[in-house]
Amino acid sequence: MPEPIPVLSPRRRLLVLAICCASVIVVVMDISIVNVALPSIRRDLHASVSGLQWTVDAYTLALASFLVLAGSTADRVGRRRVFQIGLAAFGLGSLLCGLAPSISWLIVARTLQAVGGTMLNPVAMAIVANTFSDPAERARAIGVFGSMTGLSLALGPIIGGALVDGLGWHSVFWINVPIVAAAIVFATLFVPESRAPRARRFDPVGQILTILVLGSVVFAITESKELGWSSPVILGLLAVAVLGVLGVLGYEPRRVDPLLELRLFRSVPFSSAILMALFALCGFGAFLFVTTQYLQDVRGMSALTTGLCLLPVGALVIVLSPFTGRLVVTHGPRLPLVLAGGALALGGGASVWLGPATPLPTVLSIYLLFGIFLGTVNPPITNTAVSGMPRSMAGVATSLASAGRQTGTTLGVAISGTIVGSALPRGGTTFSSTERGVWWMVVGLGLGIVVLGLFSTGGWALGTAVRAAALFKEVDRGSDLRAASIGRR
């Protein structure tokens with residue numbers, strides 16, 4: 001029997017929301033903040049291109065792999081407890097990143113950071129949802145919490161640039177330590193403990209299969225430039241990924257509480273939301289990875305100036321995110337999705353023509369398109385993922401959407417680093433010409449979001465969501481009847 005959640009004062013509820021928002025800010029910001037430090041890390045640690053890719057991808061890959069597990073574990077053993085453990089692991093990983101004497105050390109420490117981060121985002125969302133019992137208050141609180149994701153991604157390069165220029169690249173990691181230390185103390189004092197009425201069971205086989213699939217694909221893409229696609233290692237990794245997918249399809253449907261709830265994918269809006277989340281963050285991950293190095297290595301800008309050049313992105317996220325949320329509520333997700341996908345495609349297409357001598361106002365105007373994209377894409381994706389789902393599945397649906405975002409970021413960095421390859425260290429016109437392949441990929445991803453946005457919001461697609469939701473309601477009723485029967489014995 002779960003312990004009752006105490007009724008909190010309005011002031012304390014806002015304090016809990018602030019603590020949870022602080023956790024999501026540091027975790028999500030560390031996806032983007034490190035990008036602006038990559039040139040300095042490469043010079044200081046003598047890192048290769050694949051080393052830089054893994055500095056980003058080790059973090060996002062671990063986030064994608066363990067998000068769902070962390071959420072279900074918190075439901076079972078206590079959300080505040082897991083939240084505090086996640087903060088401690090994230091803080092320790094950040095400290096070790098700042099002390100890294102080599103790129104290998106940094107990659108391992110980034111993985112520890114991410115393992116802690118998986119215990120923060122989905123768990124913090126559950127804490128917020130349980131703290132605000134009034135539906136209207138809960139909707140506003142979740143809206144504030146959700147807006148932190150886009151804002152953190154956009155502001156990361158700006159803050160990172162100031163830190164790298166002022167204190168060195170180590171400081172982009174050290175800044176996390178006092179923040180998480182304070183969050184641990186405040187969580188102990190003010191966040192109530194809570195558990196789910198019926199926590200999902202641990203699925204070790206599903207977890208191992210997920211790691212095998214994601215890890216094999218990302219490793220194969222990242223190392224393909226060095227080893228070649230015909231290498232036995234790369235072919236073996238791709239074979240492992242295929243076998244892992246077959247294992248998921250064969251094993252997970254037989255589980256009572258599978259890690260990957262495949263029945264959710266019977267809903268076309270949900271399936272489309274996962275794909276759109278993957279496309280969106282793949283495009284933005286590629287944009288950040290290439291842009292921060294284009295500005296520094298090709299145009300010779302400092303880290304701080306690079307961050308300031310990305311200020312239009314952050315500003316538009318701040319302005320557009322609340323407006324987009326209201327637009328989704330009043331008119332549905334179709335218009336924001338089409339607008340976001342179109343802006344991403346236009347931004348990618350315009351970036352194809354960027355070169356060393358492109359006027360800076362032109363560059364900044366192109367970045368405005370990426371700001372429009374990021375400011376309008378997250379609310380409709382989340383809305384589409386949970387559209388029509390019963391509350392018992394809302395947490396799983398949002399966790400899988402978050403995993404799709406992290407997987408997209410991981411693939412965006414892996415693919416763009418592979419396309420650009422050895423031109424990164426040389427910079428100049430070589431880098432500018434090779435990055436065009438990345439921008440054409442971004443164009444395709446944007447168009448994919450437009451198509452999926454139109455397809456997933458039609459009448460037939462919405463009907464599949466209703467049928468999928470009815471399936472889970474039947475399962476929930478069956479579980480309730482079994483529980484009632486046991487209680488009468």
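The protein has 21 helices and zero strands, where helices are DSSP runs of H or I with at least four residues, strands are runs of E with at least two, and both are numbered from the N terminus. This is a predicted model, in which local features need pLDDT of at least 70 and side-chain atom pairs count only at pLDDT 80 or more, while totals for chains, interfaces and linings use all residues. Residues are numbered from 1 along each chain as its sequence is written, and side-chain values use heavy atoms, with hydrogens and water left out.

Of the 489 residues in the protein, 56% are buried, buried being under 20% relative accessible area, exposed over 50% and partly exposed in between, with a 1.4 Å probe and protein chains only. The accessible surface is about 19,400 Å², and 71% of that belongs to carbon and sulfur atoms; the areas come from the Shrake-Rupley method with a 1.4 Å probe, and for residues only the protein chains shown count as cover. Among contacts with a separation of 6 or more, 84% join residues 24 or more positions apart, a contact meaning heavy atoms within 4.5 Å.

H1, residues 10-32, packs on H6, residues 121-131, at an angle of about 165°, with the axes 10 Å apart. Axes are lines fitted to C-alpha atoms, for helices over the stretch in contact, and angles run from 0 to 180 degrees between N-to-C directions. H1 and H6 are therefore roughly antiparallel, the term for angles over 145 degrees. The contact involves, among others, Val 16, Leu 17 and Cys 20 of H1, and Ala 124, Ile 127 and Val 128 of H6. By class, its residues are nine nonpolar, three polar and one charged; Ala, Val, Leu, Ile, Met, Phe, Trp, Tyr, Cys and Pro count as nonpolar, Asp, Glu, Lys and Arg as charged, and the others, Gly among them, as polar.

Last, the loop. Which residue lies between H2 (38-45) and H3 (49-77)? His 46 is found there. Its phi is near 55°, a positive value in a residue other than glycine. Most residues other than glycine have a negative phi. His 46 is exposed, at 71% relative accessible area.

Terms used: Angles under 35 degrees count as roughly parallel, over 145 as roughly antiparallel, 65 to 115 as roughly perpendicular and the rest as oblique.
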